[in-house]
Amino acid sequence: DGAAGGATTYKIATDTTFAPFEFEDEEGNFVGIDMDLLNKIAEDQGFEVDLQVLGFNAAVQAVESGQADGVIAGMSITDERKEKFDFSEAYFDSGVVMGVAKDSDIKSYDDLKGKKVAIKTGTEGSTFAESIKDEYGFETVVFDDSNAMYQEVATGNSVACFEDYPVLGYGISQGLELKIVTEKEQGSSYGFAVKKGENAELLKMFNEGLKNLKESGEYDEILDTYIAE
Ligand code: GLN
């Protein structure tokens, strides 16, 4: 709660590496679309942020257990999650694609039979992979962060991974030795989340700040900073 005259500080949890939404730049600064949106919204609405860089699954759990007030981590708004979280307005459209090594022959789910597939704990991509693994006959190997999952595929230990297309697409544009071989599945959008029934004021400020950034053109500027045409 805010002390008299001081701004309220909220603990906001995020992922460790999910470029272009949150990542460490070459100078060691923690940057990205989520970080710029959060900081500008906080500035616009007059609250302070105590950022908790925990990893995706840990960030989601921190909010669920009340250890953090909110999460911004390229988190997809899903019906299942709406049972435990209240989401802001959507701020970015996404969806899950399959990535394979650059020189791989794997083109579709049918080619995964008897093979290993890398997934990231607690993500929509992992839920999707688990939902089709019996049908296509592959095994899953679980990682806590996206970079570890990509390395698993780049080195050939697993033949594929499932990841959000804006994130995998960005990684590839930055030199990641993978390629996207499928159309996106279960399109969903990213939202800022608080625990269901809690922090209604924070959620309202996020939505108002987001609306203001869209109206002022700053939202588009943030996207343009990280995503080339
Ligand atoms: N958008 C995905 C999800 O919400 C992945 C998020 C992430 O890995 N940071 O499950």
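Which residue just after α6 takes a positive phi? It is G175, with a phi of about 105°, and we will come back to that helix below. Before that, a word on what you are looking at. This is a predicted model, in which local features need pLDDT of at least 70 and side-chain atom pairs count only at pLDDT 80 or more, while totals for chains, interfaces and linings use all residues. Residues are numbered from 1 along each chain as its sequence is written, and side-chain values use heavy atoms, with hydrogens and water left out.

Let's start with the overall fold. The protein chain has eight helices and 13 strands; here helices (H or I, at least four residues) and strands (E, at least two) are DSSP runs, numbered from the N terminus. Its radius of gyration is 18 Å, close to the 17 Å that the globule rule gives for 229 residues, so the chain is as compact as a globular protein of that length. That radius is taken over C-alpha atoms, and the globule rule is 2.2 Å times the number of residues to the power 0.38. Along its principal axes, the C-alpha trace spans about 60 × 35 × 30 Å.

Of the 229 residues, 48% count as buried, where buried means under 20% relative accessible area, exposed over 50%, and partly exposed in between (1.4 Å probe, protein chains only). As for charge, the chain carries 19 positive and 47 negative charges, whose mean positions are 6 Å apart. Lys and Arg count as positive and Asp and Glu as negative, while His and the chain ends are not counted; each charge is placed at NZ of Lys, CZ of Arg, CG of Asp or CD of Glu.

Rings of Phe, Tyr and Trp (its six-membered ring) pair if their centres lie within 6.5 Å; planes under 30 degrees apart count as stacked, over 60 as edge-to-face and the rest as tilted. By this rule there are 16 aromatic pairs. In one of them, the ring centres of F21 and Y190 are 5.0 Å apart with the planes at 85°, so the pair is edge-to-face. F21 lies in the loop between β1 (9-14) and β2 (23-24) and Y190 in strand β12 (residues 185-190), so this pair ties together parts that are 169 residues apart in sequence. F21 is buried at 0% relative accessibility, and Y190 is also buried at 0%. Another edge-to-face pair joins F23 and Y226, at 6.1 Å centre to centre and 85° between the planes. Because F23 lies in strand β2 and Y226 in helix α8 (residues 218-226), the pair ties together parts that are 203 residues apart in sequence. F23 is buried, with a relative accessible area of 14%, and Y226 is buried with 14%. Ring pairs also link F18, F21, Y91, F92 and Y190 into a cluster.

Next come some backbone details. Most residues other than glycine have a negative phi, and most peptide bonds are trans. The peptide bond from A19 to P20 is cis, with omega near 5°, and P20 sits in the loop between β1 and β2. N199, which is not a glycine, has a positive phi of about 55°. You will find N199 in the loop between β13 (193-195) and α7 (200-216), partly exposed with a relative accessible area of 26%.

Finally, back to helix α6 (residues 165-173), whose buried residues are P166, V167, L168, Y170 and G171. L168 is buried at 0% relative accessibility. Leaving out residues up to four places away in sequence, L168 touches V97, G99, Y150, E163, L176, L178 and I180. V159, in the loop between α5 (146-154) and β10 (160-164), has its C-alpha atom 7.1 Å from that of A101, 58 residues apart along the chain.

Key. Contact = heavy atoms within 4.5 Å.
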